[in-house]
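Visitor: Please show me the model, and let us go through its fold in questions and answers.

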Amino acid sequence: MLYLASKSPRRLELLRQLGLDPGLLDLDVPEVLQPGEPPEDYVSRVAREKAGAGLLKVMSAPQAVVLGADTEVVLGDHVYGKPVDADDAARMLRELSGRTHRVITTVWLVSADREEHATCESQVRFAELDDAAIARYVATGEAMGKAGAYGIQGRAGGFIAHLSGSHSAVMGLPMFETAGLLRKFRLLP
């Protein structure tokens, strides 16, 4: 049985597109960048911690497999997590405006006797955004709860001048890499 260690409706939707209906695990795993920790290591660590915490909750379930994922927006070496408030969201969007940033997503699948992971990195270039466009977007509430204060699957899709990589990874779950991991665990044909 597959379990999703995430509150993300987008990750659930993407797994359902693969024909899966995972059990949902409500976890509160701290997402705190350690001093000097490279962004790639941070994303992988957090995704692994989510999967591991989820596995602890379902250890009694026979053949449980838990999927944990993390997605972060990175400009230079600065990690843009979820905004704490509207002002923080506006600041992030101003800093991303007119620039190319990386979106790093790592997926871990763990079971009682096995662990596998995959990482996908995409490049996203934002158009130039003026303060009015940023304020309108932030006012929708869509920026909250999303790394980098935007969701590619929503209104912010109109901000993206160019994407090189995986659209689904920017949403929060790289479909190609995830399907490969699921096949290794015999959860997909």
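Visitor: Which pattern does the chain follow along the sequence?
Guide: This is a predicted model, in which local features need pLDDT of at least 70, side-chain atom pairs count only at pLDDT 80 or more, and totals for chains, interfaces and linings use all residues. Residues are numbered from 1 along each chain as its sequence is written, and side-chain values use heavy atoms, with hydrogens and water left out. Helices (H or I, at least four residues) and strands (E, at least two) are DSSP runs, numbered from the N terminus. Read in order, the chain gives β-α-β-α-β-β-α-β-β-α-β-α-α.

Visitor: What is the radius of gyration of the chain?
Guide: The value is taken over C-alpha atoms, and the globule rule is 2.2 Å times the number of residues to the power 0.38. For 189 residues the rule gives 16 Å, and the chain is close to that, so it is as compact as a globular protein of that length. The C-alpha trace spans about 55 × 35 × 25 Å along its principal axes. The radius of gyration is 17 Å.

Visitor: What percentage of the residues count as buried?
Guide: Buried means under 20% relative accessible area, exposed over 50%, and partly exposed in between (1.4 Å probe, protein chains only). Of the 189 residues of the chain, the buried share is 53%.

Visitor: Which residues have the most contacts inside the largest nonpolar core?
Guide: A nonpolar core is a set of buried Ala, Val, Leu, Ile, Met, Phe, Trp, Tyr and Cys residues joined through side-chain atoms within 4.5 Å. The largest such core has 44 residues. Apart from it lies another core of 14 residues, among them Tyr-3, Leu-27, Trp-108 and Val-110. In the largest core, the residues asked for are Leu-2, Leu-15, Leu-67, Leu-93, Leu-109, Phe-126 and Tyr-150.

Visitor: Which residues of helix H3 are buried?
Guide: H3 covers residues 86-96. Its buried residues are covered by elements including strand E3 (65-75), strand E4 (78-80), strand E5 (100-111), strand E6 (115-126) and helix H4 (131-139). The buried ones are Asp-88, Ala-89, Ala-90, Met-92, Leu-93 and Leu-96.

Visitor: Which residue caps the N-terminal end of H3?
Guide: Polar contacts are pairs of N or O atoms within 3.5 Å; within protein, one must be able to donate a hydrogen and the other to accept it, and residues adjacent in sequence count only if both atoms are side-chain atoms. Here a side-chain oxygen lies 3.2 Å from the backbone nitrogen of Asp-87. After the helix comes Gly-98, with a positive phi near 70°. The capping residue is Asp-85.

Visitor: Which rings form the cluster?
Guide: Rings of Phe, Tyr and Trp (its six-membered ring) pair if their centres lie within 6.5 Å; planes under 30 degrees apart count as stacked, over 60 as edge-to-face and the rest as tilted. Phe-126 and Tyr-150 have centres 4.8 Å apart and planes at 65°, so they are edge-to-face. Tyr-137 and Phe-159 are also edge-to-face, at 5.2 Å centre to centre and 75° between the planes. The cluster links Phe-126, Tyr-137, Tyr-150 and Phe-159.

Visitor: Where is Leu-173 found?
Guide: At 0% relative accessibility, Leu-173 counts as buried. Contact means heavy atoms within 4.5 Å. Leaving aside neighbours within four places in sequence, its partners include Leu-15, Leu-67, Val-107 and Thr-178. Leu-173 is in the loop between helix H5 (167-171) and helix H6 (175-184).

Visitor: In which helix does Thr-178 lie?
Guide: Thr-178 has 0% relative accessibility, so it counts as buried. Leaving aside neighbours within four places in sequence, Thr-178 is in contact with Leu-15, Leu-18, Leu-67, Val-107 and Leu-173. Thr-178 lies in helix H6.

Visitor: Is Arg-183 buried, partly exposed or exposed?
Guide: Arg-183 has its place in helix H6. The backbone oxygen of Pro-189 lies 3.1 Å from a polar atom of its side chain. At 46% relative accessibility, Arg-183 is partly exposed.
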